[in-house]
Amino acid sequence: MSTVTHGDELQLEGSTGLAPDDGVWREVHRIVFPAKTDIDVLPLYVDFSQSEGYASAESDSVEFVNTGGGESDTEAAGDRRSLTVPAGKRYSLGSYFNAFPASYWRKWTRAEKIRFDGSFTGSGTVTLFKSNARGSRQRVTSWRVDGQARLSEELTLAPFADGGWYWIDVAGGAEALTLVEAAWSAPVADQPAGKASIGVTTMNRPDYCVKTLNALASDASVLEVLDEIVIVDQGTQRVRDEDGFDEVAAALGPKLRIIEQANLGGSGGFARGMFEAVRGERSKYVLLLDDDVNIEPEGIVRAVQFGDACRKPTLVGGHMFDMYDRSVLHTLGEAVNLYRFFWGPARGLYHGHNLAASNLRQTPWMHRRVDTDYNGWWMCLIPVEVVKEIGLALPAFIKWDDAEYGLRAMEHGYSTVSLPGACVWHVSWNDKDDTIDWQAYYHERNRFLVALLYSPYERGGRLFRESSYTDVKHLISMQYYAQTLRNRALSDLLRGPGHLHDTLASTLPAIRALRAQHPDAQVQAEPDAFPTPKRGKPAHKGKEPRPPKKATLLPWAAQAALRQLRPVKPEAAQRPDATLAASEGKWWELSLYDSAVVSMADGKGAVWYRRDGRKFRSLLAESADLHRRMLTSWPQLRASYKAALPEITSMQAWAKTFGVDLSEPVEKN
């Protein structure tokens, strides 16, 4: 029989393992560790801060115990519950994955208290902490362990109105202390556990899809909460032809279904996932997942369990981490600025926080609960009953479909929660600039479209001003292809809501075909693809270009406009004035040149921009006219798009676009 000291009270424990589900309590947040000791992701699971006697991940060997005895990734992933802390060392589980987000549970769920349960072997101390919305740490209780012990503590959620977390620290004593398994439970087993259908939209990323399927197939706990995995394949490189697909398909069996359809964009693929979940009539949720992600399966389980515990149907989103810098969090929550009508981090947040540099315990603003307008569809759990009531995705092809759905759900009384501890790793936005390629069309059209539907301002707030400024920036940067697409976007929007479904599959080929007419859209990968710059008088008299200040913006703009009207130097067509890195190719610098070669943001090539006065005048005049027409017809357009929204997001409209007969039975593998 082992000995456990809880504060001043001596308790005797004779069994190991967590308490079984008694019909009231349900495990909702298991403590987990990575399948492999990857130094990039360890800070998301364990805090090794050296302050206050904590160990360092770089100087200490971290032992994750695989009690299953297996060596393969599959076997290791099946038992990721254990951690050994060496004698004299102290590890904190006040981390992104293993701290319990108490304020989110207090705000959105039926739970008024939670319970910590954990099994330990060895010698040492387990200390339970909580924090408040300001990030102040407060000790709750501690246990001294010698031998084998099961620890349990019921905890109130009352103090967590605005923020705060619970977590434990584990310290080895005279000998090592092993956390065998631990979890946070809530008294929410009064209702049946729900299950989800996953909808993955993919376009020529079969390798990512097979990797995701393997991660799902190797985790028994996540399979327990899934009814079906639907891969909506819209590419020419088919998932079913990828190496390893047959093996993972055999492992998943009837839980996996592949649907191959024309490229209808992200919104068309996600709408199909919603569509199939509604038709299936068995799943409580549809979980939308991007294709170019790495997943933490435990996060899917947590999202489903959180959704089950919510007081009313709630959209539950996962966070996004940077796939190539894996400890960097994109943001804790997203919002739409209704005056600018643009998305971005919620109030008080910013993009790109590195948890390896400042972990949860050291970052006070992470302890405040963040309320969101929407969650990106890299990972978002949506109750099927909400889909039935408010409709499927907007037929927007790409961009703004996730934000629009969150705003639509909000109008119907359904909230979106971005849940800490549920996430994916996704390719960062930092390595691409999709505002100057074919996606420029969708950025412009869909921003105006969603503003028509939800802007509280009579004429869209600051939307028209910012759109006009952006047009001018593209034009003085010699980005005529991007501006051609932005003009087409407003022209199409003026056609009315009927064009959304009618052109869903045809717009992308059309706007990509326009690329051939624009030299500024021709990307060359070879370093010597362009002539060397002509050395002459340096632009701006050799001074480093800087963006104009507000006080000098008008005279600067007048000077830039006059420059666009001057004749182009004949030699500019033969040799560029300058070669610029992507970070240097800003509009205020490009406006100084007649010709410049600029690297692409992804580093895979460069383009040659050349000033064309005729194109500048033509596209600027067209932009001004389109903005005038949009502004004068705003009330009528708003009314028509709002009236059409229920129809264009309906099962019937999407069934027609998919070419599916709703009277036919659901296809099964």
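The model is predicted, so local features need pLDDT of at least 70 and side-chain atom pairs count only at pLDDT 80 or more, while totals for chains, interfaces and linings use all residues. Residues are numbered from 1 along each chain as its sequence is written, and side-chain values use heavy atoms, with hydrogens and water left out. The largest nonpolar core has 104 residues, and the structure holds 34 salt bridges.

**Nonpolar cores**

- A nonpolar core is a set of buried Ala, Val, Leu, Ile, Met, Phe, Trp, Tyr and Cys residues joined through side-chain atoms within 4.5 Å. Buried means under 20% relative accessible area, exposed over 50%, and partly exposed in between (1.4 Å probe, protein chains only).
- Inside the largest core of 104 residues, F120 and I168 have the most contacts. Strand β8 (residues 166–186) supplies the largest share of this core, nine residues. Helices (H or I, at least four residues) and strands (E, at least two) are DSSP runs, numbered from the N terminus.
- Leaving aside neighbours within four places in sequence, I168 is in contact with residues including I31, S92, F116, F120, V126 and L179. Contact means heavy atoms within 4.5 Å.
- A second, separate core has 39 residues, among them V278, W377, I382 and I511.

**Surface patch**

- L338, Y339 and Y457 make a nonpolar surface patch of about 260 Å². Patches are made of residues with over 30% relative accessible area and no salt bridge; like charges are joined within 9 Å, and nonpolar side chains (Val, Leu, Ile, Met, Phe, Trp, Tyr) within 5 Å. Accessible areas come from the Shrake-Rupley method with a 1.4 Å probe, and for residues only the protein chains shown count as cover.
- Y339 is found in the loop between β16 (334–337) and β17 (342–345). With a relative accessible area of 37%, Y339 is partly exposed.

**Salt bridges**

- Side chains of opposite charge can pair when their charged atoms come close. A salt bridge is a side-chain nitrogen of Lys or Arg within 4 Å of a carboxyl oxygen of Asp or Glu.
- R80 and E296 form a salt bridge whose closest N and O atoms are 2.5 Å apart. This pair links distant parts of the chain, 216 residues apart: R80 is in the loop between α2 (73–77) and β4 (83–85), and E296 in the loop between β13 (293–295) and α8 (297–309). Both R80 and E296 are buried.
- E444 and R486 meet in a salt bridge of 3.1 Å, N to O. E444 is in helix α11 (residues 440–454) and R486 in helix α13, 42 residues apart. E444 and R486 are both buried.
- E466 and R447 form a salt bridge with the closest N and O atoms 2.9 Å apart. E466 is in helix α12 (residues 463–476) and R447 in helix α11, 19 residues apart. Both E466 and R447 are buried.

**Buried polar side chains**

- H499 is in helix α14 (residues 498–502) and is buried, with a relative accessible area of 2%. Its side chain makes a polar contact of 3.3 Å with the side chain of R445. A polar contact is a pair of N or O atoms within 3.5 Å; within protein, one must be able to donate a hydrogen and the other to accept it, and residues adjacent in sequence count only if both atoms are side-chain atoms.
- A polar atom of the H499 side chain also lies 3.4 Å from the backbone oxygen of D492.
- Q483 lies in helix α13 (residues 480–493) and counts as buried at 0% relative accessibility. A polar contact of 3.2 Å joins the side chains of Q483 and D471.
- R26 is in strand β3 (residues 26–30) and is buried, with a relative accessible area of 14%. A polar atom of its side chain lies 2.8 Å from the backbone oxygen of Q191.

**Positive phi angles**

- F397 has phi near 70°, a positive value in a residue other than glycine. F397 lies in the loop between α9 (384–390) and α10 (401–411) and is buried, with a relative accessible area of 4%.
- W400, found in the loop between α9 and α10, has phi near 75°, also positive in a residue other than glycine. W400 is buried, with a relative accessible area of 1%.
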